[in-house]
Amino acid sequence: MKRTSIFLLISLFISFSAGAQKRQRLEEMPPLNEDQRKQSVSYADGLRAFYSDNFTQAEQDFRTVISQNPKNDAAFYMLSKIRSAQKDYNGAAYYMEEARKIDKNNEWYLIEMATIQDQLRDYKQSSKLWEEATQLKPDNEYYLIALGDAYLQQEKFAEAIKTYDRLENLIGHHDDIVDVKKSIYLHQNDIKSAVGEYEKLLVNYPDEIRYYVEIAKIYMINNMPDKAYPYLQNALAKDKNNALLNMTLADYYESKEKKDEAFKYLLTAFKDPSLPIASKMTEMHNAFNEAFKVKDEKTLKKARQLAEALTEAHPNAVEGWKMIAAMQFMKEYHAEARIMFEKVLSLNSTDYTVWADYLFVLLKLKDYQTIVNNAEEITELFPTHAEMLYNVGFAYLQLKQADKAINYLNQASMFAFEPQLSAAILVALGDAYLLLGNKTEAVKAWKQAQRKGFNTPELKEKIQQNE
């Protein structure tokens, strides 16, 4: 259980129990006199203000109670709660200590003070308080969790381990506890004890693949792959299709530089939909980057196989399709890349890099009609992106629709800051004006392109012919 949620529960218990204890004491008392009645009214007013987040009024009300009765521990407790809500933990500690002086045996005041000391990062003090709480209630798992955390914060690892052992004796086996203990042992470079935690589990759960994998990982990250191997083989004999196991086997064979063997297990893991796609993406990116760098058929084939396995296992996720599209793009298989990019956009139509590559492919294929068919969506998604607007304008120009081309190209020029792109826009704009027969505006745009650094012989000739 996460520490924040534990403390939320504890806080709720404290609030309700402190109130219950107060009500119980009141019920056992004789009828209230006038002063007591006023205190009760002020206390109730303070509670209403506190739970309405009116802390200023709440503090006034609880101070009124204390001025009438300096021994009212519940009012001090609520003043502490106000300070905690305002993140004034020193103030909260002061008022909680006052409440504890009055009622030394109140368990909930003890817990609240321990929580405040945690907020102050005074873990030496909070561990004393949490230890006191665990002695008071040995069967309370929340107190043990908080105590273990306080010891960890002080790097008192032996005490933390003992606390987690107490917790396990109370609630039985729990993977999260074992993982924390493992991390402590590894921090101390105590590999034997870290492995021992999972060895104990295998006695009772001999078919649990995760425990074999965890032991193998411990050995592998500590450069002991030969010790990892028997555990991987034992797990493989029990479940050869386990995705986590196959990923670990891939790592093992990679460490042995047996790349083909590593790839075999990696591909098996990729085909398993139970393994989250996020767990696969690092390997997918590594394979793609290697294929991009080496560009030989073997590495390209491996990257393609992984991407296809990704789409097979997660057909509604864009990652696999994007990788296939990127590889087709890299190999300049533009027609095939176009199909893949359209698949990606059908799953997620807002990715800029996908749109940019898709339009590049369409331009290579000279499929200007598809670009203009998507003009409205492109401009809605990227209304200030100069290159996108330029591509749409250029497509309209190629289709001889000069008016629409000029519209998009003018929009593109407003957001173009790179000289090279600005010049390209101006050249296309000049061509569009020429298509309309407006030579003056055409020459004007072309000369502006020259000033941006675009000064080819072809452009000079066009200017001379139309001046």
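This is a predicted model: local features need pLDDT of at least 70, side-chain atom pairs count only at pLDDT 80 or more; totals for chains, interfaces and linings use all residues.
Let me begin with helix H13, where the buried residues, meaning those under 20% relative accessible area with a 1.4 Å probe and protein chains only, are Pro225, Ala228, Tyr231, Leu232, Ala235 and Leu236. Seen down the axis of H13, these buried residues fall within an arc of 140°, so they line one face of the helix; the arc is taken from the directions from the helix axis to the C-beta atoms. An α-helix has 3.6 residues a turn, so residues three or four places apart point the same way. On the other side of H13, Asp226 and Ala237 are exposed, which is to say over 50%.

Residues are numbered from 1 along each chain as its sequence is written, and side-chain values use heavy atoms, with hydrogens and water left out.

The cover over the buried residues of H13 includes helices H11 (191-204), H12 (209-221), H14 (243-255) and H15 (259-270), helices here being DSSP runs of H or I with at least four residues, numbered from the N terminus.

Let me turn to Thr299, which sits in helix H17 (residues 297-313) and counts as buried because its relative accessibility is 14%. The Thr299 side chain reaches the backbone oxygen of Asp296 at 3.0 Å. With neighbours within four places in sequence left aside, Thr299 is in contact (heavy atoms within 4.5 Å) with Glu290, Ala291 and Val294.

Notes:
Helices (H or I, at least four residues) and strands (E, at least two) are DSSP runs, numbered from the N terminus. A polar contact is a pair of N or O atoms within 3.5 Å; within protein, one must be able to donate a hydrogen and the other to accept it, and residues adjacent in sequence count only if both atoms are side-chain atoms.
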